[in-house]
Amino acid sequence: MWPNDVGIRAIEVYFPAQYVDQTELEAYDGVSTGKYTIGLGQSKMGFCNDREDINSLCLTVVHRLLDRYGIKPQEIGRLEVGTETIIDKSKSVKSVLMQLFEPFGCTDIEGVDCTNACYGGTAVLFNAISWVESSAWDGRLALVVAADSAVYSPGSARPTGGAGAIAMIIGPDAPIVLDRGLRASYMQHAYDFYKPDLRSEYPYVDGKLSIQCYLHALDSCYQLYCKKVKSKKPDENVTLNNFDAMLFHSPYCKLVQKSFARLAFVDFLNTSKADVSEKYKELEQFHGVKLENTYFDKDIEKAFVTLSKSNFTDKTEPSLFLANQVGNMYTASVYSGLVSLLISKPINELAGNKVAVFSYGSGLCSSMYSLTITKDIQNESKLMKIISMLDYVKLQLEERQKIAPEDFTSILELREQNYHSKSYEPTSNINHMFPGTYYLVKVDDKYRRTYKRIPNSQ
């Protein structure tokens, strides 16, 4: 027997307690006004100073999740981390997280790390779902973590950075269920974004190729998802109208709006010529084009951004709240979209929703799948609990410290100078960190890292 309603039973998000304002960054970088805020769709960008690394991000979000939901370490049977922020070529971040479980005698916990750019969080989510639905499942819960620090060298890509972490509890009888058997993936060898220099945090980015890869993967996943649904339900033709919400991996918010318009364009191409003539007369000249020839067609992009604007505003814009305020969290990005959706819409509007999710990681790996949100919205419901447990998000966004662009630049230079250093003690102030945040104390002469935790005032 399959366990019933396997999916997300709890979710926690963490982002650093400092940010740089994108309007101020525009002025500092000497670019045209609106290049980052309007052109990219970004308002603020969170970032890590030298007190935080991938280990501390994950320690923080996992400890906070366990505390907030009152989950005992003994209840966890699988723990896996998705990240592309690598600080050790051998030791997994998951093994670092075991220090939260060992004091309770909990060492029988499966899982390690998954790495492929921004896709790792989805890979560990799928693994957790498969574990719960497998013969290996022993009745305990799975805990999946997606976390990254997204930083770029000085230049046009730097304002698309960010940092953050998501932790989710996976198990049966969940209020947010992954639809079984409805998943489509597209994998390809590509050098659109990669990190071959192990001495540096910074990636190599081919911007144009990266956009093309993202959109091609989106086209492929969406069409295959629709085809798989049709194979199960021959009378059903999937379009954007089948979904109440659409979540996308968000390198920057403007790309997400263009991606939503892209799916509207795919739906348009799948519309019969007669219906196009009747319903979309002004767009008729676009009906015969080949999809793969349109990645950078500005006329098509503009036409379908306009056509899909109201649907985008309803189905996707609410999910971009954290992406706009924090930036790109890499593996955590698409799941910060889920958090944003949950805190941006009234619970009665979320009940029973069908939510499509597109996850993308350069290199490249991508998948599209769907979630179903429970219809149970009573005061003591599991969905109500998840939403109420996220009431800290907007408050902590407001409590962050704004850092001037010149200081932000100096902090990144400090990180760059000391990246992978040994016998190193961080110098950044810890006074503005959120309660319950882990921070790096030192790296000893054998590269071993020590952490402490800001006292939790809750």
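Hi everyone, and thanks for coming. Before the tour, some ground rules: this is a predicted model, where local features need pLDDT of at least 70, side-chain atom pairs count only at pLDDT 80 or more, and totals for chains, interfaces and linings use all residues. Residues are numbered from 1 along each chain as its sequence is written, and side-chain values use heavy atoms, with hydrogens and water left out.

Let's begin with a record. An unreviewed UniProt entry marks residues 2–175 with the annotation "domain: Hydroxymethylglutaryl-coenzyme A synthase N-terminal". Positions from UniProt are given in the numbering used here, feature names are shortened, and annotations may be inferred rather than shown by experiment. In the model, that stretch is 24% helix and 25% strand, and its end C-alpha atoms are 17 Å apart. Helices (H or I, at least four residues) and strands (E, at least two) are DSSP runs, numbered from the N terminus.

Now to the inside. I'll say "buried" for under 20% relative accessible area, "exposed" for over 50%, and "partly exposed" for in between, using a 1.4 Å probe and protein chains only. A nonpolar core is a set of buried Ala, Val, Leu, Ile, Met, Phe, Trp, Tyr and Cys residues joined through side-chain atoms within 4.5 Å. The largest one here has 92 residues, and Phe 101, Leu 143, Val 145, Ile 170 and Val 393 have the most contacts inside it. Helix H2, residues 54–69, gives this core its largest share, 9 residues. Apart from that core lies another of 59 residues, including Cys 226, Phe 248, Leu 255 and Leu 291.

What does Leu 143 touch? Contact means heavy atoms within 4.5 Å. Not counting residues up to four places away in sequence, the partners of Leu 143 include Val 62, Leu 65, Leu 66, Phe 101 and Met 168.

Next, some helix pairs. Two packed helices are described by the angle between their axes and the distance between the axes. Axes are lines fitted to C-alpha atoms, for helices over the stretch in contact, and angles run from 0 to 180 degrees between N-to-C directions. Helix H1 (residues 22–29) packs against helix H15 (residues 405–418) at an angle of about 80°, with the axes 9 Å apart. That makes H1 roughly perpendicular to H15; angles of 65 to 115 degrees get that label, while under 35 counts as roughly parallel, over 145 as roughly antiparallel and the rest as oblique. Where they meet, H1 brings Glu 24, Leu 25 and Tyr 28, and H15 brings Pro 405, Glu 406, Phe 408 and Thr 409.

H6 and H8 make another pair, with axes that come within 8 Å and cross at roughly 90°. These two are therefore roughly perpendicular to each other as well. Among the residues making the contact are Ala 261, Phe 265 and Phe 268 of H6, and Ile 300, Phe 304 and Val 305 of H8.

Which residues of H8 are buried? In this helix, residues 298–307, they are Ile 300, Ala 303, Phe 304 and Val 305. Their cover includes H6 and helix H9 (309–315).

Now let's meet two single residues. His 249 sits in the loop between strand S11 (245–248) and helix H6 (253–269). Is His 249 buried or exposed? Its relative accessible area is 3%, so His 249 is buried. The side chain of His 249 makes a polar contact of 3.3 Å with that of Ser 333. By polar contact I mean a pair of N or O atoms within 3.5 Å; within protein, one must be able to donate a hydrogen and the other to accept it, and residues adjacent in sequence count only if both atoms are side-chain atoms.

Lys 354 is in strand S12, residues 354–361. With a relative accessible area of 27%, Lys 354 is partly exposed. Its side chain has polar contacts with the side chains of Asp 179, at 3.0 Å, and Thr 372, at 3.1 Å.

Finally, some backbone details. The peptide bond from Gly 363 to Leu 364 is cis, with omega near 0°, and Leu 364 lies in the loop between S12 and strand S13 (365–373). Ser 423 has a positive phi of about 50° although it is not a glycine, and this residue counts as exposed at 55% relative accessibility.
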